[in-house]
Amino acid sequence: MLSGRALALAVLAWSLLKVAVRRLFDDGPSGLALFRENYDADGLPPLSPAERAALPRFSRCIACGRCDLGEAERIAASKGAYRGLMTVVLASSRSMPDFDAAALALAHVPEEVLAEKERICPTGVPFRELAGFVRAKARAQAAPSADGAGSGEPSALALVAAVTSPAADLDPSSAERAASEAT
(Lines give C-alpha, C1' and ligand atoms only; values in the text may rest on other atoms or scores of the structure.)
Protein backbone atom coordinates (compact mmCIF):
# COMPACT_ATOMS: atom_id res chain seq x y z
CA MET A 1 0.00 0.00 0.00
CA LEU A 2 1.27 3.47 -0.91
CA SER A 3 1.60 6.26 1.60
CA GLY A 4 2.83 9.83 1.76
CA ARG A 5 4.48 11.25 -1.33
CA ALA A 6 4.05 8.05 -3.39
CA LEU A 7 0.29 8.07 -2.74
CA ALA A 8 0.04 11.74 -3.70
CA LEU A 9 1.91 11.09 -6.94
CA ALA A 10 -0.29 8.08 -7.72
CA VAL A 11 -3.48 10.12 -7.17
CA LEU A 12 -2.11 12.95 -9.31
CA ALA A 13 -1.13 10.55 -12.10
CA TRP A 14 -4.55 8.87 -12.00
CA SER A 15 -6.29 12.25 -12.20
CA LEU A 16 -4.12 13.32 -15.13
CA LEU A 17 -4.91 10.09 -16.95
CA LYS A 18 -8.65 10.53 -16.39
CA VAL A 19 -8.55 14.10 -17.70
CA ALA A 20 -6.55 13.09 -20.78
CA VAL A 21 -8.90 10.21 -21.62
CA ARG A 22 -11.97 12.36 -21.02
CA ARG A 23 -10.66 15.04 -23.38
CA LEU A 24 -9.99 12.47 -26.10
CA PHE A 25 -13.44 10.90 -26.02
CA ASP A 26 -15.76 13.51 -24.54
CA ASP A 27 -17.54 16.04 -26.75
CA GLY A 28 -19.04 17.83 -23.73
CA PRO A 29 -18.96 21.55 -23.20
CA SER A 30 -15.70 23.38 -22.79
CA GLY A 31 -14.53 26.95 -22.51
CA LEU A 32 -17.27 29.52 -21.97
CA ALA A 33 -20.05 26.93 -22.29
CA LEU A 34 -18.48 24.87 -19.48
CA PHE A 35 -18.00 28.01 -17.38
CA ARG A 36 -21.68 28.89 -17.81
CA GLU A 37 -22.74 25.33 -17.01
CA ASN A 38 -20.73 25.42 -13.80
CA TYR A 39 -21.41 28.96 -12.58
CA ASP A 40 -24.66 30.37 -14.02
CA ALA A 41 -26.67 28.90 -11.15
CA ASP A 42 -24.39 30.75 -8.73
CA GLY A 43 -24.96 34.06 -10.51
CA LEU A 44 -21.30 34.32 -11.49
CA PRO A 45 -21.13 35.68 -15.03
CA PRO A 46 -18.03 35.44 -17.21
CA LEU A 47 -15.87 38.54 -17.59
CA SER A 48 -14.62 40.00 -20.84
CA PRO A 49 -10.90 40.77 -21.13
CA ALA A 50 -11.69 44.48 -20.72
CA GLU A 51 -13.66 43.80 -17.53
CA ARG A 52 -10.83 41.67 -16.12
CA ALA A 53 -8.42 44.52 -16.88
CA ALA A 54 -10.68 47.00 -15.03
CA LEU A 55 -10.98 44.95 -11.82
CA PRO A 56 -7.64 46.13 -10.34
CA ARG A 57 -8.82 49.76 -10.66
CA PHE A 58 -12.02 48.88 -8.80
CA SER A 59 -9.96 47.23 -6.04
CA ARG A 60 -7.97 50.35 -5.12
CA CYS A 61 -10.27 51.09 -2.18
CA ILE A 62 -8.44 51.23 1.16
CA ALA A 63 -11.65 51.56 3.20
CA CYS A 64 -10.86 55.08 4.40
CA GLY A 65 -14.56 55.99 4.51
CA ARG A 66 -14.23 59.36 2.78
CA CYS A 67 -16.80 58.35 0.17
CA ASP A 68 -19.37 57.72 2.92
CA LEU A 69 -19.23 61.31 4.20
CA GLY A 70 -22.54 63.00 3.46
CA GLU A 71 -24.32 59.75 2.59
CA ALA A 72 -26.56 59.54 5.68
CA GLU A 73 -29.65 60.83 3.88
CA ARG A 74 -29.33 58.35 1.01
CA ILE A 75 -28.58 55.51 3.44
CA ALA A 76 -31.72 56.34 5.45
CA ALA A 77 -33.86 56.70 2.32
CA SER A 78 -32.76 53.32 0.99
CA LYS A 79 -34.35 51.42 3.89
CA GLY A 80 -31.35 49.12 4.15
CA ALA A 81 -30.64 48.60 0.44
CA TYR A 82 -27.71 51.04 0.49
CA ARG A 83 -25.29 51.01 3.41
CA GLY A 84 -22.81 53.48 2.02
CA LEU A 85 -20.60 53.74 -1.02
CA MET A 86 -17.52 52.25 0.66
CA THR A 87 -19.42 49.06 1.47
CA VAL A 88 -20.65 48.76 -2.14
CA VAL A 89 -17.17 49.36 -3.55
CA LEU A 90 -15.54 46.83 -1.23
CA ALA A 91 -18.20 44.20 -1.88
CA SER A 92 -18.14 44.80 -5.64
CA SER A 93 -14.39 44.73 -6.07
CA ARG A 94 -13.08 42.05 -3.72
CA SER A 95 -15.00 39.12 -5.17
CA MET A 96 -17.81 38.60 -7.59
CA PRO A 97 -20.74 40.19 -5.79
CA ASP A 98 -24.46 39.72 -5.93
CA PHE A 99 -24.78 42.16 -8.81
CA ASP A 100 -28.52 42.67 -8.31
CA ALA A 101 -28.00 43.77 -4.70
CA ALA A 102 -25.06 45.99 -5.63
CA ALA A 103 -27.03 47.60 -8.46
CA LEU A 104 -29.95 48.18 -6.11
CA ALA A 105 -27.62 49.92 -3.66
CA LEU A 106 -26.05 52.02 -6.42
CA ALA A 107 -29.52 53.08 -7.60
CA HIS A 108 -29.56 55.39 -4.56
CA VAL A 109 -26.43 57.26 -5.67
CA PRO A 110 -26.73 59.70 -8.59
CA GLU A 111 -23.97 59.88 -11.22
CA GLU A 112 -22.96 63.39 -10.14
CA VAL A 113 -22.40 62.14 -6.59
CA LEU A 114 -20.24 59.29 -7.92
CA ALA A 115 -18.21 61.86 -9.89
CA GLU A 116 -17.79 63.97 -6.74
CA LYS A 117 -16.68 60.92 -4.76
CA GLU A 118 -14.08 60.12 -7.45
CA ARG A 119 -12.54 63.55 -6.88
CA ILE A 120 -12.19 63.04 -3.12
CA CYS A 121 -11.05 59.41 -3.21
CA PRO A 122 -7.38 59.26 -2.18
CA THR A 123 -6.74 56.13 -4.27
CA GLY A 124 -8.70 57.13 -7.37
CA VAL A 125 -11.40 54.46 -7.38
CA PRO A 126 -13.42 54.99 -10.59
CA PHE A 127 -16.86 54.95 -8.94
CA ARG A 128 -18.81 55.70 -12.14
CA GLU A 129 -16.99 52.98 -14.09
CA LEU A 130 -17.54 50.50 -11.24
CA ALA A 131 -21.24 51.42 -11.09
CA GLY A 132 -21.55 50.88 -14.84
CA PHE A 133 -19.85 47.50 -14.55
CA VAL A 134 -22.14 46.40 -11.69
CA ARG A 135 -25.28 47.60 -13.47
CA ALA A 136 -24.30 45.89 -16.73
CA LYS A 137 -23.65 42.61 -14.93
CA ALA A 138 -26.97 42.85 -13.08
CA ARG A 139 -28.79 43.39 -16.40
CA ALA A 140 -26.89 40.51 -18.00
CA GLN A 141 -27.83 38.17 -15.16
CA ALA A 142 -31.50 39.13 -15.40
CA ALA A 143 -31.78 38.68 -19.16
CA PRO A 144 -31.50 35.31 -20.86
CA SER A 145 -28.53 35.22 -23.18
CA ALA A 146 -28.67 34.36 -26.90
CA ASP A 147 -27.60 30.78 -26.21
CA GLY A 148 -30.45 30.28 -23.74
CA ALA A 149 -28.30 30.71 -20.64
CA GLY A 150 -29.34 33.13 -17.95
CA SER A 151 -32.08 33.10 -15.44
CA GLY A 152 -35.01 34.18 -17.57
CA GLU A 153 -36.74 35.02 -14.29
CA PRO A 154 -37.30 38.55 -13.02
CA SER A 155 -34.20 39.81 -11.31
CA ALA A 156 -34.13 40.43 -7.60
CA LEU A 157 -33.39 44.06 -8.44
CA ALA A 158 -36.68 44.41 -10.32
CA LEU A 159 -38.59 42.64 -7.58
CA VAL A 160 -37.13 44.75 -4.80
CA ALA A 161 -37.53 47.97 -6.80
CA ALA A 162 -41.20 47.13 -7.30
CA VAL A 163 -41.86 46.83 -3.57
CA THR A 164 -39.50 49.49 -2.24
CA SER A 165 -41.26 52.73 -1.44
CA PRO A 166 -39.62 56.07 -2.25
CA ALA A 167 -37.65 58.04 0.31
CA ALA A 168 -40.54 60.47 0.75
CA ASP A 169 -42.47 57.71 2.52
CA LEU A 170 -40.00 57.71 5.42
CA ASP A 171 -41.32 59.33 8.54
CA PRO A 172 -38.96 62.04 9.84
CA SER A 173 -38.10 60.22 13.06
CA SER A 174 -36.88 57.07 11.24
CA ALA A 175 -34.90 59.14 8.74
CA GLU A 176 -33.20 61.08 11.55
CA ARG A 177 -32.48 57.88 13.48
CA ALA A 178 -30.95 56.18 10.42
CA ALA A 179 -28.95 59.30 9.59
CA SER A 180 -27.48 59.49 13.10
CA GLU A 181 -26.57 55.77 12.96
CA ALA A 182 -24.87 56.20 9.58
CA THR A 183 -22.60 59.03 10.69
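A residue is called buried when its relative accessible area is under 20%, exposed when it is over 50%, and partly exposed in between, as judged with a 1.4 Å probe and with protein chains only. The structure described here is a predicted model, in which local features need pLDDT of at least 70 and side-chain atom pairs count only at pLDDT 80 or more, while totals for chains, interfaces and linings use all residues. Residues are numbered from 1 along each chain as its sequence is written, and side-chain values use heavy atoms, with hydrogens and water left out.

The protein contains 10 helices and 0 strands, where helices (H or I, at least four residues) and strands (E, at least two) are DSSP runs numbered from the N terminus. Of its 183 residues, 29% count as buried.

A search of the whole structure gives 6 salt bridges, a salt bridge being a side-chain nitrogen of Lys or Arg within 4 Å of a carboxyl oxygen of Asp or Glu. One of them pairs the side chains of Glu 51 and Lys 137, at 3.0 Å from N to O. Because Glu 51 lies in helix H3 (residues 49-58) and Lys 137 in helix H8 (residues 127-142), this pair ties together parts that are 86 residues apart in sequence. Lys 137 is buried, with a relative accessible area of 8%.

Another salt bridge is formed by Glu 129 and Arg 57, whose closest N and O atoms are 2.3 Å apart. This pair also links distant parts of the chain, Glu 129 being in helix H8 and Arg 57 in helix H3, 72 residues apart. Glu 129 is partly exposed at 34% relative accessibility, and Arg 57 is partly exposed at 30%.

The side chains of Glu 71 and Arg 74 likewise meet in a salt bridge, with an N to O distance of 2.7 Å. Glu 71 counts as buried at 0% relative accessibility, whereas Arg 74, at 22%, counts as partly exposed. Salt bridges with shared partners join Glu 71, Arg 74 and Lys 117 into one network.

Phe 25 lies in helix H1 (residues 4-25) and is exposed, with a relative accessible area of 68%.
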